[in-house]
Amino acid sequence: MDVKVKLHGVTFTYEGDIVALRDLNLSARRGEFVVVLGANGAGKSTLCYLLSGIIPHIYGGRRTGEVQVAGRDPWDEPIHVTAQRCGVLLQDPEVQLFMPTVRAEVAFGPANLQVPREEIERRVAEALALVRLEGLEDRNPRDLSGGQKQRAALAAVLAMHPQVLVLDEPTSQLDPLGRWEVVQALHRLKATRDITIIMTTHETDEVMDLADQVWVLEEGRCILAGTPEEVFTQPERLEAAGVKPPTLAHVWIHVARKSGASIHRDGQRLRDLDVDQVARQAAALLRQGRIMPRPLPDSTRSPSPARPAVIEVQDLVYRYPGYPPVTALKGINLTIREGEFVGIIGQNGSGKSTLVKCIVGLLRPTAGHVRVLGEDVRRLSVGQLARRVGLVLQNPDYQLFTISAREEILFGLRNLGIPREEAEIRIQEALRWVGLETEAETFPFRLSFGDRRKLTVAAILAMDPQILILDEPTTAQDHRGRYQLAELARRFREEKGRTVIMITHDMELVARYAERVIVMWDGQILMDGTPEEVFSQTELLHRSFLRPPIAHEIARQLASFGIPRRVLTTQDLLTVLGGLP
Amino acid sequence: MNVPFRYIQRRTIVHRLHPFTKMIYVLLTLLLILIPLYDIRHLPVLLPWLGLSAALWAAARIEVGRFAALMKILAGTFIFLMLAQGFTYRYGKTVLIRFGELHFGGSNVGELTLEGVQLGFMLSVRILTAASSLPLLVMTTSNAELMAAMNQLRLPKVMTFMFVSALSFTSLIFEMWNNIMDAQKLRAFDIDRMNLITRLRRAYVPIITPLILLLFRKANDFQIALETKGFGSPGRPTEMETLRMKPVDFLAIGIFLIIFVLCNVLRFRL
């Protein structure tokens with residue numbers, strides 16, 4: 001098999017002397033699927049840019065060493081020439097779609113390369129079939145769902161017939177259904193064995209069975225490279241590099257090590273593990289007495305006793321005006337009490353964000369009532385509601401505009417009319433709360449994405465709301481930073497006794513923090529209960545294209561061995577399966 | 001908020017017209033409003049053309065709500081024009097409201113005059129005439145058709161794509177603007193409750209600054225997406241849409257010309 005990607009002694013330094021990649025020596029052969037892992041800032045995106053010619057043609061810097069992509073060095077040729085051999089798919093599908101129909105979008109690349117029209121039509125049909133978008137040729141790409149948009153963008157790259165495909169976190173901005181759709185398309189693409197795929201991601205669970213090779217980067221160096229079996233059997237090293245070990249492999253290895261069994265599978269590959277196989281292995285070892293179930297420490301997330309309601313939603317209907325209008329909420333009834341930690345889950349379009357926007361007053365209900373701390377939101381402006389409810393949006397860059405972190409927090413306080421002396425005290429406290437006390441005078445855009453999100457939390461907390469709402473607190477965060485905002489919310493709730501609501505697609509996050517889970521589907525509440533109650537309703541969850549955390553699925557299969565059903569997270573499972581005879 | 005004037009995929013007679021035909025309609029509209037029409041007696045000059053536009057909107061099956069959105073956008077401008085002209089038109093004689101004597105630039109800006117209001121009204125009607133034609137072109141012609149038509153005109157590839165990508169970017173800007181407004185409102189920034197002067201004084205910095213910063217970032221991503229799709233390659237791209245003028249296009253152009261001539265005749269008869 002011929003080598004399609006080769007890096008030999010590659011070091012890359014951005015302008016400003018920021019070293020992003022250090023002495024990389026890696027290669028991938030034709031038809032191989034390479035998964036690149038690493039914390040934010042490890043150099044994953046730089047590697048993608050280097051392979052696809054975006055560096056040096058769009059982003060500048062200095063490179064040493066040798067790079068070969070399908071036999072040529074992208075450094076030495078125009079980007080449109082590299083594009084004929086190496087396609088690239090970015091994180092955000094919105095910026096990759098510019099044509100009015102899916103057909104025109106997919107045809108755009110080969111048309112620019114002056115491929116004959118009949119050939120383009122053939123390629124368009126072939127690419128759309130591969131990503132399963134047949135029948136949507138005449139739709140406007142902007143009207144598609146997130147997963148469909150990313151698949152359309154993928155088809156547009158595939159239609160250029162690249163030999164190497166570079167995917168830079170292609171599922172990071174999608175909901176679980178969208179992620180599943182894209183991963184399925186990648187499975188079909190891999191099955192063609194024709195194209196070399198280099199994919200960066202944080203989602204190790206969804207790519208474990210796709211990978212032929214895994215490269216792990218840390219501060220620009222490749223610290224691990226090999227088959228999934230070689231890399232994923234080192235969970236401690238992965239954790240140290242800020243990478244989440246795949247849950248199934250992690251549990252398998254943990255159980256095997258505890259019991260003294262072999263971590264290798266007879267004639268089978270670690271990457272092909274599924275929930276049933278891991279549960280069977282753990283069951284066999286439990287049955288043989290080679291491991292013993294350990295008790296799970298009492299949950300600190302006991303449900304709040306009946307306290308006053310802080311949010312009451314009655315028969316809420318919301319209809320988006322348009323051609324035709326879309327009913328996003330269809331008669332929601334809900335009460336959230338003081339001190340609760342609530343997770344709201346559901347696919348994009350299920351109504352989660354619309355519900356929250358009605359609570360904070362950004363949208364006015366079409367019918368029904370929303371009361372916050374006893375007052376009807378219709379009687380209050382968004383600004384007045386902001387004193388009571390703080391909503392932290394996904395993208396911090398929609399709100400940051402001042403010259404320092406301090407000024408950023410002051411903006412909200414000034415709008416509330418807080419006196420200068422009190423505002424200063426609140427600013428210091430909020431910065432200390434989120435751990436940014438040394439960054440008070442830093443220009444917000446010089447902070448990392450994670451710190452910018454923390455700053456937006458600080459700006460909201462300084463306004464001292466009774467209720468804190470986090471919208472997708474794990475978006476674009478790596479394994480280390482994933483739970484930082486949720487941790488802040490947990491402290492906010494525990495130390496101040498306030499209410500927290502999280503909107504998320506991250507089941508592990510919900511399992512870890514929420515004491516109550518609300519599942520939304522098609523503008524309605526499908527389920528409302530404790531995480532244990534909700535995650536045990538697998539049929540209903542499947543209906544809404546959700547899946548319980550893997551650890552909970554394994555634990556349920558081991559219930560007859562004394563593994564408690566309230567095991568929800570990987571950490572819980574590793575703890576209860578950690579006992580020795 | 002949705003972008004009110006974006007391409008609406010339908011199969012009406014207006015959608016099926018060649019983009020050149022619709023461009024000729026826009027061009028004739030622009031020529032018509034260049035005719036100096038200041039007197040209220042000249043209003044009938046524009047009425048046939050406005051009637052043609054209304055007929056085209058109806059034939060394209062574009063919802064009344066979208067026209068209402070257009071009027072909502074323009075209403076403030078119309079009121080401003082009528083008041084500004086009403087108070088400043090130096091040849092105004094019929095006083096409607098008198099606030100006092102305040103002479104400035106040869107006119108008494110303390111009086112609202114009928115002639116001034118009429119002048120503002122005529123300017124508003126001319127703006128309405130223009131504003132009702134361009135959205136019709138955009139709403140009934142896909143970007144692919146526009147690109148194909150511009151390619152047929154042998155316009156430079158970069159110019160064609162700049163035009164089409166500007167249209168695409170509009171919806172992105174709308175979306176970002178709304179998200180930024182929401183983000184700032186959540187920090188008790190009650191822009192909806194501010195009066196016009198306060199808004200102009202302090203409201204737009206927290207909105208426009210993040211918008212500009214985000215646009216820079218999006219434009220960069222947009223450039224990457226474009227160039228990695230071979231956009232910079234030399235030579236003309238393969239044409240995927242073949243556009244041909246049909247009899248209905250010639251008929252439509254004929255009707256446009258007749259109405260255009262009628263408007264001009266009216267101009268000299270009135």
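The model is predicted: local features need pLDDT of at least 70, side-chain atom pairs count only at pLDDT 80 or more, and totals for chains, interfaces and linings use all residues. Residues are numbered from 1 along each chain as its sequence is written.

Helix H11 of chain A covers residues 247-259 and spans 18 Å from its first C-alpha to its last, close to the 18 Å expected at 1.5 Å a residue. Helices here are DSSP runs (H or I, at least four residues), numbered from the N terminus. Of its 13 residues, 11 are buried, so H11(A) is largely enclosed by the rest of the structure; buried means under 20% relative accessible area with a 1.4 Å probe, protein chains only. Among them are Trp252(A), His254(A) and Ser259(A). Their packing partners include helix H12 (275-287) and helix H22 (550-557) of chain A.

The domain bounds come from an automatic or database domain assignment.

| Domain of chain A | Residues |
|---|---|
| domain 1 | 3-245 |
| domain 2 | 247-302 + 552-581 |
| domain 3 | 309-551 |

The centres of domain 1 and domain 2 of chain A, taken over C-alpha atoms, are 34 Å apart. Contact (heavy atoms within 4.5 Å) involves 15 residues from domain 1 and 11 residues from domain 2 of chain A.

Across this interface of domain 1 and domain 2 of chain A there are 3 salt bridges, a salt bridge being a side-chain nitrogen of Lys or Arg within 4 Å of a carboxyl oxygen of Asp or Glu. Glu236(A) forms a salt bridge with Arg257(A), with the closest N and O atoms 2.8 Å apart.

Definitions and conventions
Chains lettered and ligands numbered in written order. Heavy atoms only, no water. Helix = DSSP H or I, 4+ residues; strand = E, 2+ residues; numbered from the N terminus. Expected span 1.5 Å × (residues − 1). Buried < 20%, exposed > 50% of the residue type's maximum accessible area, 1.4 Å probe, protein only.
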